[in-house]
Amino acid sequence: MSRIGALFERLGVLGLATAGVVAVANTCLYNVNPGFRAVIFSRLSGIQKGVRGEGSHFFIPLVQTPVQYDCRSRPRSVPTITGTKDLQNVNITLRILFRPVVSRLPDMYMNLGVDYDERVLPSITNEVLKAVVAQFNAAELITQREAVSQRICQELSERASTFGILLDDVSITHLTYGKDFTTAVEAKQVAQQEAEKARYIVEKAEQHKLASIVAAEGDSIGAELLSKAFSRSGNALIELRRIEAAEDIATNLAKNRQVSYLPGGQGVLFNLQMER
């Protein structure tokens, strides 16, 4: 019995020792999640130059502190108001996909901290937008939008790279003008529509004029032909037209049931009255 008790006592001590080792190991381990990187700050030597990748790593508690950075692409929208080359106010919203340069994370933590995007992106975005938009007119921002976006992306990427930030995509998501410019554009559209309407009216009047000229020329030619026909045939043509007209009138009257025919002579009605 004494041997069994001693065995259990040893097992208990071994279990406690194992639990203590596991607890110490847990306090000396940290995990770097997928898409993240970590830098180590030491109370003795400051920021270490190396960057820890994904997985579990050891550190010295109370002496070293791991700081993790999200190295995946993240979106951010930066709105700004700036002026064009022709002095028009423009509201522009720029959407940026950004991520940090992994090799520069120690310097970034030393100079900018974890919230580097809050400290850098709004200021450099406003600066680049004002510089680029000032080189274009208000109309060119619409007709050359792709070129403007590429110009902004190029210059903004160069500015961001000095801070250790990579830009995967830069695009203009919102573009509006001031109230005065919008009113001027609407007035211009109305004026263009009225000009088109006036031009249509003028063209219509010209067409009517041409039609009247052609009709008058036709009447003149017809009258000339009739004059020549009269000169050749005398009154025969007039007589022919009179006969044709009489035939048409007789045909129409024959088809009308309300028309009655009476024999020639002026005493027909008197004869009917005397017979009664």
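The model is predicted, so local features need a pLDDT of at least 70 and side-chain atom pairs count only at pLDDT 80 or more, whereas totals for chains, interfaces and linings use all residues. Residues are numbered from 1 along each chain as its sequence is written, and side-chain values use heavy atoms, with hydrogens and water left out.

**Figure 1. Overview of the chain.** The secondary structure comes to eight helices and eight strands; helices (H or I, at least four residues) and strands (E, at least two) are DSSP runs numbered from the N terminus. Of the 276 residues, 23% count as buried, where buried means under 20% relative accessible area, exposed over 50%, and partly exposed in between (1.4 Å probe, protein chains only). Among the contacts with a separation of 6 or more, 65% come from residues 24 or more positions apart; contact means heavy atoms within 4.5 Å.

Figure 2. Strand β6 (residues 74-83) runs antiparallel to strand β7 (residues 89-100), and ten bridges join them. Two strands pair if DSSP finds at least two bridges between them. Valine 78 has leucine 94 as its bridge partner in β7. The two strands form a hairpin with five residues between them. Leucine 87, in the loop between β6 and β7, has a positive phi of about 65° although it is not a glycine. Most residues other than glycine have a negative phi. Leucine 87 is exposed, with a relative accessible area of 76%.

**Figure 3. The largest cavity.** A search of the whole structure finds one cavity of 30 Å³ or more. On a 1 Å grid over the protein atoms alone, a cavity is a set of points where a 1.4 Å probe fits but cannot get out, and lining residues have an atom within 4 Å of a point. The largest cavity has a volume of about 40 Å³, a volume being the space filled by probe spheres set on the grid points, which are joined across faces, edges and corners. Its lining consists of Ile92, Val133, Leu141, Arg145, Val148, Ile172 and Leu175. Both α5 and β8 supply at least two residues of this lining. The lining divides into six nonpolar residues, no polar and one charged; Ala, Val, Leu, Ile, Met, Phe, Trp, Tyr, Cys and Pro count as nonpolar, Asp, Glu, Lys and Arg as charged, and the others, Gly among them, as polar.

**Figure 4. The open sheet β3-β2-β5 and glutamine 64.** This open sheet of three strands has the order β3-β2-β5, with antiparallel pairing. β3 (46-47) and β5 stand at the edges, each with a single partner strand, so one side of each is left without a neighbour in the sheet. Strand β2 (residues 36-42) pairs with β3 over two bridges, and phenylalanine 41 stands opposite isoleucine 47 in β3. Glutamine 64 lies in strand β5 (residues 64-70) and counts as buried at 15% relative accessibility. Apart from residues up to four places away in sequence, glutamine 64 touches Ile40, Phe41, Ser42, Gln48 and Phe59.

Figure 5. Asparagine 31 lies in strand β1 (residues 29-32) and counts as partly exposed, at 49% relative accessibility. Leaving aside neighbours within four places in sequence, asparagine 31 is in contact with Gly55, Ser56 and Gln68. The C-alpha atoms of asparagine 31 and arginine 52 are separated by 9.9 Å, with the two residues 21 apart along the chain. Leucine 62 is placed in the loop between β4 (55-58) and β5. Leucine 62 has a positive phi of about 70° although it is not a glycine, and counts as exposed at 77% relative accessibility.

Conventions:
1 Å grid on protein atoms, 1.4 Å probe; cavity = no way out; pocket = protein on both sides within 12 Å on 5 of 7 lines; lining within 4 Å.
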